[in-house]
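Welcome to this short tour. Please open the structure in your viewer and get your selection tool ready.

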Amino acid sequence: MPLELRCLSNFASVLLAASTLMFLSSVVIQSWDPNGASSSEPLENGQSAGIHAVNPPERFYQPNVSISQTTLRLMPDRNEIDIRQLVSKETAGNLNFTCDRSSLVVISPEDAEQDRQSCLNMQHGRCLRNIRDQNYGWTCNCGGKVLQYVDISKSGSSTAKRLMGLCGKAPGCHVSYGYKEMTEKTQENVTAFAILRHPIERFISGYGTIMQRLQWYVRMCEKHRDILWPLDSGRLAQIFRMEEPRRFRMFVDFFLDEGDNMIENFPFYYFDCGILPHVMSQTWFMNLYPGRIQYVGKIENATQDISWLIHKVVGVEINAATLVVNKNEGGHMQKFRRLGKDWKTYLLTHERKSIELLNDFFSPELKAFGYSRA
(Lines give C-alpha, C1' and ligand atoms only; values in the text may rest on other atoms or scores of the structure.)
Protein backbone atom coordinates (compact mmCIF):
# COMPACT_ATOMS: atom_id res chain seq x y z
CA MET A 1 0.00 0.00 0.00
CA PRO A 2 1.36 3.48 -0.84
CA LEU A 3 2.65 5.37 2.16
CA GLU A 4 0.01 8.09 1.87
CA LEU A 5 -2.84 5.56 1.84
CA ARG A 6 -1.26 3.59 4.69
CA CYS A 7 -1.04 6.78 6.74
CA LEU A 8 -4.67 7.66 6.05
CA SER A 9 -5.73 4.08 6.79
CA ASN A 10 -3.97 4.14 10.16
CA PHE A 11 -5.67 7.39 11.09
CA ALA A 12 -9.07 6.07 10.00
CA SER A 13 -8.52 3.03 12.23
CA VAL A 14 -7.91 5.28 15.23
CA LEU A 15 -11.11 7.23 14.54
CA LEU A 16 -13.08 4.01 14.08
CA ALA A 17 -11.85 2.67 17.40
CA ALA A 18 -12.79 5.91 19.15
CA SER A 19 -16.23 5.91 17.54
CA THR A 20 -16.85 2.32 18.61
CA LEU A 21 -16.45 3.35 22.24
CA MET A 22 -19.39 5.69 21.80
CA PHE A 23 -21.73 2.76 21.30
CA LEU A 24 -20.79 0.76 24.39
CA SER A 25 -23.48 2.44 26.48
CA SER A 26 -26.93 1.11 27.29
CA VAL A 27 -29.54 2.94 25.22
CA VAL A 28 -33.28 2.66 24.82
CA ILE A 29 -35.19 4.56 22.12
CA GLN A 30 -38.97 4.81 22.23
CA SER A 31 -41.46 6.52 19.95
CA TRP A 32 -43.45 9.06 21.93
CA ASP A 33 -47.18 8.68 22.40
CA PRO A 34 -48.46 12.27 22.60
CA ASN A 35 -51.48 11.05 24.53
CA GLY A 36 -49.46 9.07 27.03
CA ALA A 37 -48.77 10.32 30.53
CA SER A 38 -45.28 11.26 31.52
CA SER A 39 -43.72 9.75 34.62
CA SER A 40 -41.35 12.69 35.02
CA GLU A 41 -42.16 15.71 37.10
CA PRO A 42 -41.52 19.25 35.77
CA LEU A 43 -38.05 20.49 36.68
CA GLU A 44 -37.83 22.85 39.60
CA ASN A 45 -35.44 25.78 39.61
CA GLY A 46 -31.98 24.57 40.52
CA GLN A 47 -32.78 20.85 40.32
CA SER A 48 -31.12 18.26 38.13
CA ALA A 49 -33.20 16.19 35.75
CA GLY A 50 -33.05 12.55 34.75
CA ILE A 51 -31.80 11.90 31.26
CA HIS A 52 -35.24 10.69 30.25
CA ALA A 53 -37.03 13.85 31.41
CA VAL A 54 -39.83 14.75 28.99
CA ASN A 55 -41.39 17.80 30.62
CA PRO A 56 -39.96 21.24 29.86
CA PRO A 57 -37.54 22.73 32.38
CA GLU A 58 -39.00 25.72 34.20
CA ARG A 59 -35.75 27.66 34.08
CA PHE A 60 -36.46 29.14 30.67
CA TYR A 61 -34.72 32.31 29.63
CA GLN A 62 -37.65 34.73 29.42
CA PRO A 63 -37.95 38.10 27.66
CA ASN A 64 -36.95 41.13 29.71
CA VAL A 65 -35.03 38.99 32.20
CA SER A 66 -31.31 39.71 32.53
CA ILE A 67 -29.17 36.80 31.41
CA SER A 68 -27.06 35.17 34.07
CA GLN A 69 -25.39 31.82 34.51
CA THR A 70 -28.39 30.57 36.46
CA THR A 71 -31.19 31.84 34.21
CA LEU A 72 -29.89 31.00 30.74
CA ARG A 73 -30.81 27.41 30.10
CA LEU A 74 -33.07 27.13 27.09
CA MET A 75 -34.19 30.01 24.92
CA PRO A 76 -37.90 29.66 24.08
CA ASP A 77 -39.22 30.03 20.56
CA ARG A 78 -39.32 33.82 20.24
CA ASN A 79 -39.38 35.71 16.96
CA GLU A 80 -37.66 38.84 18.19
CA ILE A 81 -34.24 37.49 19.14
CA ASP A 82 -31.49 35.03 18.34
CA ILE A 83 -28.65 34.36 20.79
CA ARG A 84 -26.19 35.74 18.24
CA GLN A 85 -27.86 39.15 18.43
CA LEU A 86 -26.98 39.29 22.12
CA VAL A 87 -23.32 38.68 21.25
CA SER A 88 -23.46 41.33 18.53
CA LYS A 89 -24.71 43.94 21.00
CA GLU A 90 -21.62 43.33 23.14
CA THR A 91 -19.14 43.34 20.26
CA ALA A 92 -17.12 46.43 19.43
CA GLY A 93 -16.82 46.26 15.67
CA ASN A 94 -18.13 47.57 12.39
CA LEU A 95 -21.72 48.68 12.95
CA ASN A 96 -22.48 48.15 9.25
CA PHE A 97 -21.43 44.49 9.31
CA THR A 98 -23.39 42.49 6.73
CA CYS A 99 -23.61 38.90 5.53
CA ASP A 100 -25.00 37.68 2.22
CA ARG A 101 -25.42 34.15 3.61
CA SER A 102 -28.01 35.14 6.20
CA SER A 103 -29.34 38.20 7.97
CA LEU A 104 -28.97 36.26 11.23
CA VAL A 105 -25.19 36.01 10.96
CA VAL A 106 -23.56 38.61 13.22
CA ILE A 107 -20.09 39.96 13.78
CA SER A 108 -18.04 37.41 15.71
CA PRO A 109 -14.98 38.08 17.90
CA GLU A 110 -12.85 36.85 14.99
CA ASP A 111 -14.57 39.26 12.59
CA ALA A 112 -14.12 42.16 15.00
CA GLU A 113 -10.44 41.35 15.53
CA GLN A 114 -9.88 41.33 11.76
CA ASP A 115 -11.98 44.52 11.38
CA ARG A 116 -14.20 42.87 8.76
CA GLN A 117 -17.16 44.63 7.21
CA SER A 118 -18.82 41.42 6.04
CA CYS A 119 -18.96 37.79 7.11
CA LEU A 120 -16.40 35.14 6.27
CA ASN A 121 -16.74 33.76 2.75
CA MET A 122 -17.22 30.02 3.28
CA GLN A 123 -16.62 29.43 -0.44
CA HIS A 124 -13.09 30.74 -0.12
CA GLY A 125 -10.68 27.92 0.56
CA ARG A 126 -10.87 24.17 0.60
CA CYS A 127 -11.08 23.79 4.37
CA LEU A 128 -13.79 26.42 4.83
CA ARG A 129 -16.00 24.75 2.22
CA ASN A 130 -15.46 21.41 3.90
CA ILE A 131 -16.36 22.84 7.30
CA ARG A 132 -19.60 24.37 6.04
CA ASP A 133 -20.69 21.39 3.94
CA GLN A 134 -19.68 18.39 6.02
CA ASN A 135 -18.03 18.94 9.37
CA TYR A 136 -20.78 20.58 11.40
CA GLY A 137 -24.54 20.55 11.86
CA TRP A 138 -26.71 17.50 12.63
CA THR A 139 -30.36 17.31 11.55
CA CYS A 140 -32.88 14.79 12.86
CA ASN A 141 -35.96 14.53 10.64
CA CYS A 142 -38.88 12.44 11.82
CA GLY A 143 -41.64 12.49 9.24
CA GLY A 144 -41.24 16.20 8.54
CA LYS A 145 -40.67 17.22 12.16
CA VAL A 146 -37.14 18.59 12.14
CA LEU A 147 -34.68 19.34 14.91
CA GLN A 148 -31.37 20.99 14.02
CA TYR A 149 -28.28 20.80 16.24
CA VAL A 150 -25.98 23.77 15.64
CA ASP A 151 -22.65 22.13 16.30
CA ILE A 152 -20.09 23.91 18.49
CA SER A 153 -16.86 21.99 19.07
CA LYS A 154 -15.78 21.50 22.70
CA SER A 155 -19.20 22.51 24.03
CA GLY A 156 -20.98 19.24 24.68
CA SER A 157 -20.76 18.29 21.00
CA SER A 158 -19.94 14.62 21.70
CA THR A 159 -23.05 14.30 23.86
CA ALA A 160 -25.24 16.25 21.42
CA LYS A 161 -24.12 14.21 18.40
CA ARG A 162 -24.64 10.99 20.33
CA LEU A 163 -28.21 11.97 21.22
CA MET A 164 -28.98 13.23 17.71
CA GLY A 165 -27.61 9.99 16.31
CA LEU A 166 -29.95 8.03 18.56
CA CYS A 167 -32.82 10.25 17.42
CA GLY A 168 -32.04 9.23 13.85
CA LYS A 169 -32.28 5.53 14.77
CA ALA A 170 -35.91 5.85 15.91
CA PRO A 171 -38.60 4.49 13.55
CA GLY A 172 -39.39 6.96 10.77
CA CYS A 173 -36.40 9.19 11.56
CA HIS A 174 -33.11 9.87 9.86
CA VAL A 175 -30.07 12.07 10.45
CA SER A 176 -28.22 14.24 7.95
CA TYR A 177 -25.10 16.35 8.30
CA GLY A 178 -23.79 19.74 7.19
CA TYR A 179 -25.28 23.07 6.18
CA LYS A 180 -24.54 22.90 2.44
CA GLU A 181 -28.10 23.09 1.11
CA MET A 182 -29.43 25.33 3.86
CA THR A 183 -30.47 28.95 3.56
CA GLU A 184 -32.23 31.31 5.92
CA LYS A 185 -35.47 30.64 4.05
CA THR A 186 -35.21 26.84 4.01
CA GLN A 187 -34.75 26.89 7.79
CA GLU A 188 -37.72 29.14 8.61
CA ASN A 189 -39.81 26.31 10.08
CA VAL A 190 -36.93 24.35 11.61
CA THR A 191 -36.32 24.26 15.36
CA ALA A 192 -32.61 24.69 16.08
CA PHE A 193 -30.57 24.58 19.25
CA ALA A 194 -27.00 25.11 20.41
CA ILE A 195 -25.12 24.22 23.60
CA LEU A 196 -22.85 26.86 25.17
CA ARG A 197 -19.82 26.69 27.47
CA HIS A 198 -17.61 29.13 29.33
CA PRO A 199 -15.51 30.58 26.47
CA ILE A 200 -12.13 30.43 28.24
CA GLU A 201 -12.58 26.91 29.59
CA ARG A 202 -13.70 25.87 26.14
CA PHE A 203 -10.65 27.49 24.51
CA ILE A 204 -8.27 25.62 26.81
CA SER A 205 -10.07 22.36 26.11
CA GLY A 206 -9.89 23.05 22.38
CA TYR A 207 -6.19 23.83 22.69
CA GLY A 208 -5.63 20.43 24.29
CA THR A 209 -7.53 18.74 21.46
CA ILE A 210 -5.47 20.53 18.80
CA MET A 211 -2.15 19.56 20.36
CA GLN A 212 -3.27 15.97 20.90
CA ARG A 213 -4.35 15.55 17.28
CA LEU A 214 -1.23 17.18 15.91
CA GLN A 215 0.73 14.63 17.89
CA TRP A 216 -1.35 11.81 16.36
CA TYR A 217 -0.57 13.05 12.87
CA VAL A 218 3.14 13.34 13.54
CA ARG A 219 3.35 9.83 14.96
CA MET A 220 1.37 8.17 12.17
CA CYS A 221 2.65 10.13 9.21
CA GLU A 222 6.04 11.43 10.22
CA LYS A 223 7.64 10.13 6.99
CA HIS A 224 5.01 11.59 4.68
CA ARG A 225 5.92 15.24 4.80
CA ASP A 226 3.57 16.62 2.12
CA ILE A 227 0.61 15.68 4.34
CA LEU A 228 2.18 17.28 7.39
CA TRP A 229 3.65 20.36 5.77
CA PRO A 230 1.94 22.80 8.22
CA LEU A 231 4.11 21.14 10.88
CA ASP A 232 7.31 21.10 8.82
CA SER A 233 8.22 24.70 9.35
CA GLY A 234 6.75 28.05 10.26
CA ARG A 235 5.03 29.41 13.35
CA LEU A 236 2.66 26.52 14.06
CA ALA A 237 5.50 23.99 13.78
CA GLN A 238 7.63 26.01 16.19
CA ILE A 239 4.80 26.27 18.71
CA PHE A 240 3.97 22.57 18.52
CA ARG A 241 7.55 21.63 19.45
CA MET A 242 7.71 23.92 22.49
CA GLU A 243 7.34 22.77 26.09
CA GLU A 244 4.45 23.76 28.31
CA PRO A 245 3.47 26.27 29.52
CA ARG A 246 5.41 28.39 27.02
CA ARG A 247 3.66 26.57 24.19
CA PHE A 248 0.27 27.67 25.52
CA ARG A 249 1.39 31.30 25.75
CA MET A 250 2.73 31.24 22.20
CA PHE A 251 -0.41 29.52 20.88
CA VAL A 252 -2.65 32.19 22.43
CA ASP A 253 -0.59 34.87 20.69
CA PHE A 254 -0.76 32.87 17.46
CA PHE A 255 -4.55 32.59 17.73
CA LEU A 256 -5.02 36.29 18.46
CA ASP A 257 -2.83 37.21 15.48
CA GLU A 258 -4.27 34.75 12.97
CA GLY A 259 -7.88 34.31 14.10
CA ASP A 260 -9.86 32.17 11.69
CA ASN A 261 -7.28 32.88 8.96
CA MET A 262 -5.25 30.03 10.47
CA ILE A 263 -7.74 27.51 9.05
CA GLU A 264 -6.61 28.12 5.49
CA ASN A 265 -3.10 29.32 6.29
CA PHE A 266 -2.31 26.05 8.08
CA PRO A 267 -4.58 23.45 6.42
CA PHE A 268 -4.65 19.70 7.03
CA TYR A 269 -6.50 18.68 3.90
CA TYR A 270 -5.87 14.96 4.14
CA PHE A 271 -7.09 14.57 7.67
CA ASP A 272 -9.10 17.10 9.54
CA CYS A 273 -9.99 20.58 8.33
CA GLY A 274 -11.79 20.94 11.64
CA ILE A 275 -8.71 20.60 13.83
CA LEU A 276 -7.81 24.29 14.25
CA PRO A 277 -11.44 25.54 14.50
CA HIS A 278 -11.64 23.87 17.94
CA VAL A 279 -10.62 27.21 19.46
CA MET A 280 -12.80 29.48 17.33
CA SER A 281 -15.52 31.38 19.16
CA GLN A 282 -18.94 29.86 19.72
CA THR A 283 -20.41 32.71 17.68
CA TRP A 284 -18.13 31.67 14.81
CA PHE A 285 -19.68 28.19 14.90
CA MET A 286 -23.25 29.45 15.22
CA ASN A 287 -22.67 31.71 12.22
CA LEU A 288 -22.11 28.63 10.06
CA TYR A 289 -25.85 27.97 10.41
CA PRO A 290 -28.05 30.34 8.36
CA GLY A 291 -31.28 29.80 10.29
CA ARG A 292 -32.55 31.09 13.60
CA ILE A 293 -31.47 29.38 16.81
CA GLN A 294 -34.53 29.12 19.04
CA TYR A 295 -33.00 27.23 21.96
CA VAL A 296 -29.68 27.52 23.75
CA GLY A 297 -28.54 25.40 26.65
CA LYS A 298 -25.40 25.17 28.72
CA ILE A 299 -23.03 22.26 28.81
CA GLU A 300 -23.77 21.60 32.47
CA ASN A 301 -27.34 20.54 31.59
CA ALA A 302 -26.76 19.35 28.03
CA THR A 303 -27.95 15.75 28.32
CA GLN A 304 -31.31 16.40 29.94
CA ASP A 305 -32.01 19.53 27.90
CA ILE A 306 -31.27 17.88 24.55
CA SER A 307 -33.25 14.77 25.49
CA TRP A 308 -36.22 16.93 26.42
CA LEU A 309 -35.92 18.94 23.20
CA ILE A 310 -35.78 15.83 21.01
CA HIS A 311 -38.92 14.62 22.73
CA LYS A 312 -40.68 17.96 22.35
CA VAL A 313 -39.84 18.63 18.71
CA VAL A 314 -39.80 15.25 16.94
CA GLY A 315 -41.61 13.04 19.46
CA VAL A 316 -38.80 10.59 20.23
CA GLU A 317 -38.05 9.62 23.81
CA ILE A 318 -34.44 8.67 24.49
CA ASN A 319 -33.39 6.93 27.68
CA ALA A 320 -29.60 6.74 27.63
CA ALA A 321 -28.21 5.15 30.76
CA THR A 322 -24.65 6.18 29.96
CA LEU A 323 -23.14 8.57 27.47
CA VAL A 324 -19.48 8.45 26.51
CA VAL A 325 -18.11 11.98 26.28
CA ASN A 326 -14.71 13.41 25.46
CA LYS A 327 -13.78 14.94 28.79
CA ASN A 328 -10.03 15.31 28.66
CA GLU A 329 -8.57 14.97 25.20
CA GLY A 330 -4.90 15.92 25.43
CA GLY A 331 -4.69 15.25 29.18
CA HIS A 332 -2.39 12.25 28.80
CA MET A 333 0.18 14.04 26.63
CA GLN A 334 3.58 14.18 28.28
CA LYS A 335 3.91 17.93 27.75
CA PHE A 336 0.66 18.48 29.65
CA ARG A 337 1.46 15.96 32.40
CA ARG A 338 4.47 18.01 33.45
CA LEU A 339 2.00 20.71 34.53
CA GLY A 340 0.26 18.29 36.88
CA LYS A 341 -2.84 16.14 36.69
CA ASP A 342 -5.18 19.11 36.28
CA TRP A 343 -3.26 20.93 33.55
CA LYS A 344 -6.26 23.05 32.57
CA THR A 345 -6.50 24.52 36.07
CA TYR A 346 -2.76 25.12 36.04
CA LEU A 347 -3.04 27.22 32.89
CA LEU A 348 -5.99 29.15 34.30
CA THR A 349 -4.14 29.83 37.53
CA HIS A 350 -0.56 30.44 36.44
CA GLU A 351 -0.82 31.85 32.91
CA ARG A 352 -2.80 34.92 33.85
CA LYS A 353 -1.43 37.23 31.14
CA SER A 354 -2.62 34.88 28.39
CA ILE A 355 -5.91 34.24 30.17
CA GLU A 356 -6.60 37.97 30.42
CA LEU A 357 -5.92 38.35 26.70
CA LEU A 358 -8.49 35.63 26.07
CA ASN A 359 -10.93 37.27 28.50
CA ASP A 360 -10.72 40.43 26.43
CA PHE A 361 -11.10 38.62 23.11
CA PHE A 362 -14.12 36.60 24.25
CA SER A 363 -15.63 39.42 26.30
CA PRO A 364 -18.77 39.72 24.09
CA GLU A 365 -19.58 36.04 24.62
CA LEU A 366 -18.82 36.14 28.34
CA LYS A 367 -21.34 38.95 28.74
CA ALA A 368 -23.97 37.59 26.35
CA PHE A 369 -23.84 34.04 27.76
CA GLY A 370 -23.81 35.15 31.39
CA TYR A 371 -20.32 34.01 32.39
CA SER A 372 -17.71 35.78 34.52
CA ARG A 373 -14.17 36.43 33.34
CA ALA A 374 -11.92 33.45 33.97
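Start with two helices: H8 passes H14 in a left-handed crossing, meaning that the near helix is turned anticlockwise from the far one by less than a right angle. To find them, select residues 246-258 for H8 and residues 352-361 for H14. Helices here are DSSP runs (H or I, at least four residues) and strands likewise (E, at least two), numbered from the N terminus.

This is a predicted model, in which local features need pLDDT of at least 70 and side-chain atom pairs count only at pLDDT 80 or more, while totals for chains, interfaces and linings use all residues. Residues are numbered from 1 along each chain as its sequence is written, and side-chain values use heavy atoms, with hydrogens and water left out.

The axes of H8 and H14, which come within 10 Å, cross at roughly 25 degrees; axes are lines fitted to C-alpha atoms over the stretch in contact, with angles from 0 to 180 degrees between N-to-C directions. Now show side chains: Phe248 and Leu256 are among the H8 residues that meet H14, where Ile355 and Phe361 are among the partners (contact means heavy atoms within 4.5 Å).

Next, select strand S2, residues 138-142. Four of its five residues are buried, so S2 is largely enclosed by the rest of the structure (buried means under 20% relative accessible area, with a 1.4 Å probe and protein chains only).

In the hairpin turn, glycine 143 has a positive phi of about 60 degrees.

Finally, click asparagine 141: it stands opposite valine 146 in S3 and opposite histidine 174 in S4.

How values were computed:
Buried means under 20% relative accessible area, exposed over 50%, partly exposed in between (1.4 Å probe, protein chains only). Two strands pair if DSSP finds at least two bridges between them.
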